[in-house]
Amino acid sequence: MRRPRTTDARVRRGARAWRDLRAALLLCAAVPVLPAPVLAGQAKEFFGPEEPAAAAESEVQDSVRYRVELEGVEDEALLEILRQSSQLVALADKPPATTVGLRRRAEADIERLQTALRSEGYYDGKIDLEIDIPDQSGGQSGDPSGAQPVAEPAAVRLRIDTGPRYRLAAYEIGYTGDSPPPAETQPALDTLGIELGMAARAPVIVAAEQSLVGQLQENGYPMARVAERKTFIDRDKTEMTVRLSVTAGPRATFGPLAFKGREDVKEDYLRRVADWPEGALYDRRVVRDLQRRLSNTNLFSTVNAETAGTPADDGSLPVTVTLVEREHRSIGAAAAYSTDIGPSLELFWEHRNLMGRNETLRASATGSPVEQTGELDFRKPAFLRSDQDLLGNLNGGLEDTDAYERQWVDSLVALERPVLDNWRVSAGLSFAYEIIDENADNGKGEETFQLFGLPLTASRDDTDDPLDPTEGTRLQLTLTPSTGVGSESLFFLTTVVGGSAYYAIDDAKRFVLAGRTRVGSIVGEKTEALPASRRFYAGGGGSIRGYEYQLVGPLDNDEDPFGGTSLVEVGGELRVRVSEEIGVVPFVDGGTVNDDPWPNGEETFRWAAGLGLRYFTGFGPVRLDVAFPLNPRDGVDETFQFYVSFGQAF
């Protein structure tokens, strides 16, 4: 039974906005405000009594402040390495108490800098130290002694003569043991990053050694190691020779795979995920990939794969994976508020190992003044193949907006798998049963629809955080051909492309630019022939902030949303992290809906701007946004809208 409706949409929306605003003001008024003296007393109790400034100043004055000068090095990269190696530089904000202590610190720095020079190939470097300490009257003394404090900072000068840079003349690899690797499996120098004649830099030489062992372990030698390394310096020729003695050990194949610590997770599922190549030549990358795949199931807090100490008699090497399972069940709730919809609440329960094979079942219920829904969402990984998931969804409920009233049940079955880097694709079959009563004055009344769809999706996500991204991009393409019956047969194709991008302006990621766009089109049927729930609408907290829910686009004679067959939305934000817990976000949103499959300019592009506040928690940010329409319609759009929810806007 459809409820009676007021014909004046503006009056209805204005009354609802005033009611919601009044409720928000009453809520704010209920929060107690403490008098200033009470707050001051609490702050003093929390932070403790103030420390006298004189005590802090005295501590600085009773030490020998200094500045460090590294002279004689023109190579900026080398100079930076020396500065990072210097304790004088690292401890400059913690000066010693006496000039004697300063000299000891400086003399100890000479050996550190010599080590840094040798690591970069300078084996004949010389360093001279000079310390100038001003006296109390402003004069200087070149011979520091005693423990008298000084007023001006001392000058610590380290004059560095790097000498010639040594070159790598030879890098010799010798294999010990009864069965050295065949010549074709022995790593070549160029694959190790070694080129004869290059600078004899310690980091490159050590990295080559690690790469050598790694390549052997990727080609069947799990016990490979460098038994001995010798380096020789020829000072007359300024050259270095490196000689490695390598023990490759026996060549091995993968043996049986075993699991320890498993409780509720079925072993056959673990083996399907592992896809273990028993009998294949040992490759440490396979072991690392095994750990990664098991960790990505999100069933375990710890995954540790270990190989046996020695191969079996047949040359196989058993591998044991030790597991610690996570908790598999959770319950939760989420609340939100906006001036156009009012309060909303979501309750959910989730099981992430329903039948012992990482099946996820999530049951949720959502309630708000315009919508009451229930939903079951199911995912079964490794379905028929290790990289394929089976998806199932069943949802239904009641919806009552200014555009339409709807009762529905919707279902979906689909297969999803990864392709390329960070991409996932899916294909499925959907069925929906809907009873819709349009609020437009078109004489349709209540209609029943039965719709079949073939949803195809492709999505990509390489962002660094699902709730508060600071870098990366997201992209999603949905293509859904649909057919069914209502008052007449229907066939239409819905296409939606959406994406967002995030860019941190500074290294600390305190300033982040974020932008999004969404474009949609429906072809095959005119707007009035489509079920009202399948048309495009815009406006609201998840769309164009500043405008009421679904209100951007064509309106009927009662100024209720009518929907359309094309959609364009854009949005941009500057996310500023003021402190660890507080952020501010100025933003701009815009968009339009047209009664045509392609934007034709008949509907004005609506813009809005606003300011948001973020409170960062361990689970993600709490969002408060206030938005103002920039080109509102007289008698239709309100002066502002505000939104409270969890997570960033996009």
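Is Thr494 buried or exposed? At 16% relative accessibility, Thr494 counts as buried, where buried means under 20% relative accessible area, exposed over 50% and partly exposed in between (1.4 Å probe, protein chains only). The points below place this residue and others in the structure.

1. Basis of the note. This is a predicted model, in which local features need pLDDT of at least 70 and side-chain atom pairs count only at pLDDT 80 or more, while totals for chains, interfaces and linings use all residues. Residues are numbered from 1 along each chain as its sequence is written, and side-chain values use heavy atoms, with hydrogens and water left out.

2. Overall content. The protein has 9 helices and 27 strands; these are DSSP runs numbered from the N terminus, helices being H or I of at least four residues and strands E of at least two. Of its 650 residues, 39% count as buried. Among contacts (heavy atoms within 4.5 Å) between residues at least 6 apart in sequence, 59% join residues at least 24 apart.

3. Surroundings of Thr494. This residue is found in strand S21 (residues 489-504). Not counting residues up to four places away in sequence, Thr494 touches Thr478, Leu479, Thr480, Ser521, Ile522 and Phe536.

4. Leu429, an exposed strand residue. Leu429 lies in strand S17 (residues 423-438) and counts as exposed, at 55% relative accessibility. Leaving aside its neighbours within four places in sequence, Leu429 is in contact with Ser411, Leu412, Val413, Gly453 and Pro455.

5. Helix H6. The 21 residues of H6 should span 30 Å at 1.5 Å a residue, and the end C-alpha atoms are 31 Å apart, which agrees; the expected span is 1.5 Å times one less than the number of residues. The buried residues of H6 are Thr99, Leu102, Arg105, Ala106, Asp109, Leu113, Gln114, Ala116 and Leu117. An α-helix has 3.6 residues a turn, so residues three or four places apart point the same way. The buried residues of H6 pack against strand S1 (66-71), helix H4 (76-85), helix H5 (87-90), S2 and S4. Gly121, with a positive phi near 95°, follows H6.

6. Aromatic pairs. Rings of Phe, Tyr and Trp (its six-membered ring) pair if their centres lie within 6.5 Å; planes under 30 degrees apart count as stacked, over 60 as edge-to-face and the rest as tilted. By this rule the count comes to 9 aromatic pairs. The rings of Tyr123 and Tyr166 have centres 5.3 Å apart and planes at 65°, so this pair is edge-to-face. The pair links distant parts of the chain, 43 residues apart: Tyr123 is in the loop between helix H6 (99-119) and strand S2 (126-134), and Tyr166 in the loop between strand S4 (154-161) and strand S5 (167-176). Tyr123 is partly exposed at 22% relative accessibility, whereas Tyr166 is buried at 0%.

7. Tyr404 and Tyr537 form a tilted aromatic pair, 6.1 Å centre to centre with 50° between the planes. Tyr404 lies in strand S16 (residues 404-419) and Tyr537 in the loop between strand S22 (511-523) and strand S23 (566-577), so the pair ties together parts that are 133 residues apart in sequence. Tyr404 is buried, with a relative accessible area of 3%, and Tyr537 also counts as buried, at 13%. Elsewhere, Phe254, Trp276 and Tyr282 form one aromatic cluster.

8. Charges over rings. A charge sits over a ring if NZ of Lys or CZ of Arg is within 6 Å of the ring centre and within 35 degrees of the ring normal. Arg545 lies over the face of Phe587, at 3.8 Å from the ring centre. Arg575 lies over the face of Phe650, at 5.1 Å from the ring centre.

9. A three-stranded sheet. An open sheet of 3 strands has the order S8-S10-S9, with mixed pairing; two strands pair if DSSP finds at least two bridges between them. Its edge strands are S8 (253-260) and S9 (300-307), each pairing on one side only. S9 and strand S10 (residues 316-325) pair in the antiparallel sense over 7 bridges, and Thr302 stands opposite Val324 in S10.
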